Amino acid sequence: MRELSLHILDIIENSRKAEADLIKIKIEENLTDNLLKIVIEDNGSGIDQKKLEKITDPFITSRTTREVGLGLSLFKSAAESCEGDFEIDSEINQGTRVTADFKYDHIDRAPLGDITTTISNFVASSGDQVDLVYQHYYQEKCFKFDTREIKSELEDLSIQSRQVTAWIREYIEENLAEIRGGEAF
């Protein structure tokens, strides 16, 4: 995958399929420590230990439409090829946590990509089924987006409506630019 945001999308889609109703995404850009860290956790059905041991094998998948699952394997490879680490922890009926660390300035690190569209499209497609908490740290600054807070303000308007989706996209974009000192993604 050419962008890390596509890896994130793949994992949060897995979380939705695991019947999670809360997904948390945390992205930390720490230029001082030369670190990009992505943490995704959910409260879904979890993965049993036997399967967890082989989860990054591309020939292990829970899909019934094909016998190959590349998502986690590719994400792990992306992290490790940038002098980073990859870890996945899970417990049945408790959820799953995926952590990927990247050397920030590594020449092979894929760009974060269009995280704004990834988040806003996922929210639009999930509606009331899944809540999403997205935290993005850039150096010492932080932006937090929580669909539970948005939904509580909407009254009779759906979070999936075109107006709300457009507002979410703009809101995320503006706040990410603000924590980066006006620098666009």
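These questions and answers walk through the fold and some of the residues of a predicted model. Residues are numbered from 1 along each chain as its sequence is written, and side-chain values use heavy atoms, with hydrogens and water left out. In this predicted model, local features need pLDDT of at least 70 and side-chain atom pairs count only at pLDDT 80 or more, while totals for chains, interfaces and linings use all residues.

Me: What percentage of the residues of the chain count as buried?
Reply: Buried means under 20% relative accessible area, exposed over 50%, and partly exposed in between (1.4 Å probe, protein chains only). The count runs over the 185 residues of the chain. The buried share is 44%.

Me: Among contacts between residues at least 6 apart in sequence, what percentage join residues at least 24 apart?
Reply: Contact means heavy atoms within 4.5 Å. The set holds contacts in the chain between residues at least 6 apart. Those joining residues at least 24 apart make up 62%.

Me: How many Å apart are the mean positions of the positive and negative charges?
Reply: Lys and Arg count as positive, Asp and Glu as negative; His and the chain ends are not counted. Each charge is placed at NZ of Lys, CZ of Arg, CG of Asp or CD of Glu. The chain has 22 positive and 37 negative charges. Their mean positions are apart by 4 Å.

Me: Which elements are among the cover of the buried residues of helix 1?
Reply: Helix 1 covers residues 4–17. Its buried residues include Leu4, Ile8, Ile11, Ile12 and Ser15. An α-helix has 3.6 residues a turn, so residues three or four places apart point the same way. The cover includes strand 1 (22–30), strand 2 (35–42), helix 3 (71–80), strand 4 (95–103) and helix 4 (115–126).

Me: Which elements do the buried residues of helix 3 pack against?
Reply: Gly71, Leu72, Ser73, Phe75, Ala78 and Ala79 are buried in helix 3. These buried residues pack against helix 1, strand 2, strand 3 (86–91) and strand 4.

Me: Is Val133 buried or exposed?
Reply: Val133 sits in strand 5. Leu22 is 111 residues away in sequence, yet the two C-alpha atoms are 7.7 Å apart. Beyond four places in sequence, Val133 touches residues including Leu22, Ile23, Ile25 and Phe145. With 5% relative accessibility, Val133 counts as buried.

Me: Which residues is Gln135 in contact with, leaving aside neighbours within four places in sequence?
Reply: Gln135 is also in strand 5 (residues 131–138). Its relative accessibility is 22%, so Gln135 counts as partly exposed. Its contacts are Ile25, Lys26, Ile27, Phe143 and Lys144.

Me: Which residues is His106 in contact with, leaving aside neighbours within four places in sequence?
Reply: His106 lies in the loop between strand 4 and helix 4. It is buried, with a relative accessible area of 15%. Leu35, 71 residues away in sequence, has its C-alpha 9.7 Å from that of His106. The contacts of His106 are Ser81, Cys82 and Glu83.

Me: What is the phi of Gln139, which is not a glycine?
Reply: Most residues other than glycine have a negative phi. Gln139 is in the loop between strand 5 and strand 6 (141–146). It is partly exposed, at 32% relative accessible area. Its phi is positive, about 55°.

Me: Where does Asn34 lie?
Reply: Asn34 is not a glycine, but its phi is positive, about 55°. Its place is the loop between strand 1 and strand 2.

Conventions:
Helices (H or I, at least four residues) and strands (E, at least two) are DSSP runs, numbered from the N terminus. The expected span of a helix is 1.5 Å times one less than its number of residues.
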